[in-house]
Amino acid sequence: MTTRRRFLERAAATGGLALTQGLIAPWARSAALPARPEALEGNRFDLAVSRAKIAVDGRGSNAILINGQLPAPLLRWREGDEVTLHVRNNLDVDTSIHWHGVLLPFEMDGVPGISFPGIKPGETFTYRFPVKQAGTYWYHSHSGLQEQSGHYGPIIIDPKGADPVAYDREHVVVLSDWIFADPERLFAKLKKNSEALNFQKRTVGDFIEAARTDGVGAAFADRAMWGGMRMDPTDIADVGGHSYAYLVNGRGPRDNWTGLFAEGERVRLRIVNASAMTIFNLRIPDLAMTVVQADGQDVEPVETDEIQIGVAETYDVVVRPDAARAYTLMAETIDRSGYARATLAPLPGMDAPVPPLRARPVLTMKDMAMDHGGMAMGAMEMGAMDHGAMDHGSMSHDAQTHDHPTGAGVDMVAAAPSNRLAEPGIGLENVGHRVLTYADLKSLRPNPDRRAPGRELELHLTGNMRRYMWSFDGEKFSEVETPIMFHEGERLRLTLVNDTMMSHPIHLHGMFFDVVTREDARKPRKHTIVVKPGEKLSVDVTADAPGDWAFHCHLLYHMVAGMMRTVSVMAHGPRTPSNDVDSGHGEHDARTHKMKMQAEPDEGAKAGHHHHGSHE
């Protein structure tokens, strides 16, 4: 009798991967012919979360899927509508869905312990909210490590008016990482030894090459310095290609997901990084990309050759193939240990060369915020920023006297953090072609709120890499009792300082923020931003969404390890929580927790006095 394992192996051996194809969402199947991907559309949706056995890149694996599909169904909404989504939990543990980047009432945000209690096994929760925006977004579990097991999918929201982006065909490109083992085991490994999965450490050969290039003395000094700090300059990513398979729309590199085009067509690629831990460097050799949207927000078109896409970020690009040939979409991991790839082609079955993996990057003194040349450059960039009408006299600057975080959860502090918004990501400094930076992005329309910030709040991204402890200001989520307080209607400057040697994609729920670049009136608006090692950057936030919201690093294991906080937007008066909740969950404990939000802010807060988040 054929066992399930033999069936999976046989399916993989035939190249058909029948089981996987059956579970792949219709929108994500290779060589989809329509100019518009197949989606669940309308105002009412039924979604079910269940366990499944699937084949991924030719190997059997356990998964947690929505409607039995990997990735989850593409949801297509329209700006101005109200949507209702019934989510049934068929698991034996709690689950949830967070609508990443979507503006909605906090009760509908889907974060257990902050905005609702989660969805119990066997129960159905109803999400209902108005659609206030357009663009490319995604949805995923905010319960445990379920996101790592396939609990994610894309969202397209069509604008109610004319779309400013002209295109003839569109494809959704969902990037992800896949672990064949239990994610809990992976997390336990990282907790025991954070470097257990770093298989790219420097070798004797690397030392000989450094001695030949820089001299023996310099090579010895460099090794001694890193050794003395007990840090590894190759620790770019916690988990790499030795543990992960990298997928495009649920397919590994050998499965070669293919999106079709007709010669000369304008093809819109809606790119979502739905991975748990992987920052990707994406390029299409011989084909320029015009970036038209970042995190669902329209930007002035900017042409580039490569984009570093942080976890949870989305980018829409338009490409125009001018030849009837295949093009490889190459998504190389930030540590160069693996890749996801797909193909754009005029006909099914076509292929293009896959470029070899480039040499893995190595961290430098600048990534430790110890490069004095980099410090000067950062100071110049900050000084050159056009802060426009910012009232430096009236804004509280208490953040500038912020004490450096200390404690067991902090193994280093950036002595001279610098602004790096105009720099490409780690490893892309000298690639020889154009790389998108945040400084290249400019909002297509003026920012809706151009007031000067009334106060500044500084937060440090902290960690003890050897003990795998991650936090804000040296305090992990479970240790902090008081939320970071915003006051409804205020304009706030949030300054992030990365005291670690890793890039962190930081996500704010419920509100967009305006990235403080040189452009004042058209700052790029985002919901997630990658903060580079040793970087200090600022974003401006308008606190227009009363309620409690999650604020965290979107590297999944960093968030679970403690790099997360609650942001409470304090309403100006009594408010009644929304009734748009399924009757089975109408009276949940999160609402009683929120009643503290009804208090009026004190006069000092109204006047714009700064309160540091962990001491509110």
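Okay, quick one to start: which residue lies over the face of Y327? That would be R325, at 4.2 Å from the ring centre. Before I go on, remember that this is a predicted model.

There's another contact of that kind, over at F180. Here the charged end of R59 sits over the ring, 3.9 Å from the centre of F180.

If you search the whole structure, you get 15 aromatic pairs. Let me walk you through a couple of them. Take W99 with Y127: they pair edge-to-face, with 5.2 Å centre to centre and 85° between the planes. Where do these two sit? W99 is in strand β6, residues 98–100, and Y127 is in strand β7, residues 124–130, so this pair ties together parts that are 28 residues apart in sequence.

And are they buried or exposed? W99 is buried, at a relative accessible area of 0%. Y127 also comes out at 0%, so it counts as buried, the cut-off being under 20%.

Y127 has another partner, F125. That pair is edge-to-face as well, with the centres 4.8 Å apart and 65° between the planes. If you're wondering about F125 itself, its relative accessibility is 0%, so put it down as buried.

Now zoom out a bit. W99, Y127 and F125 belong to a cluster linked by ring pairs, and the other members are W77, F116, F129 and Y139.

Note on methods:
Residues numbered from 1 in each chain as written. Predicted model: local features only at pLDDT ≥ 70, side-chain atom pairs only at ≥ 80, totals over all residues. Heavy atoms only, no water. Phe/Tyr/Trp six-rings, centres within 6.5 Å; stacked < 30°, edge-to-face > 60°. Helix = DSSP H or I, 4+ residues; strand = E, 2+ residues; numbered from the N terminus. Buried < 20%, exposed > 50% of the residue type's maximum accessible area, 1.4 Å probe, protein only. Lys NZ or Arg CZ within 6 Å of the ring centre and 35° of its normal.
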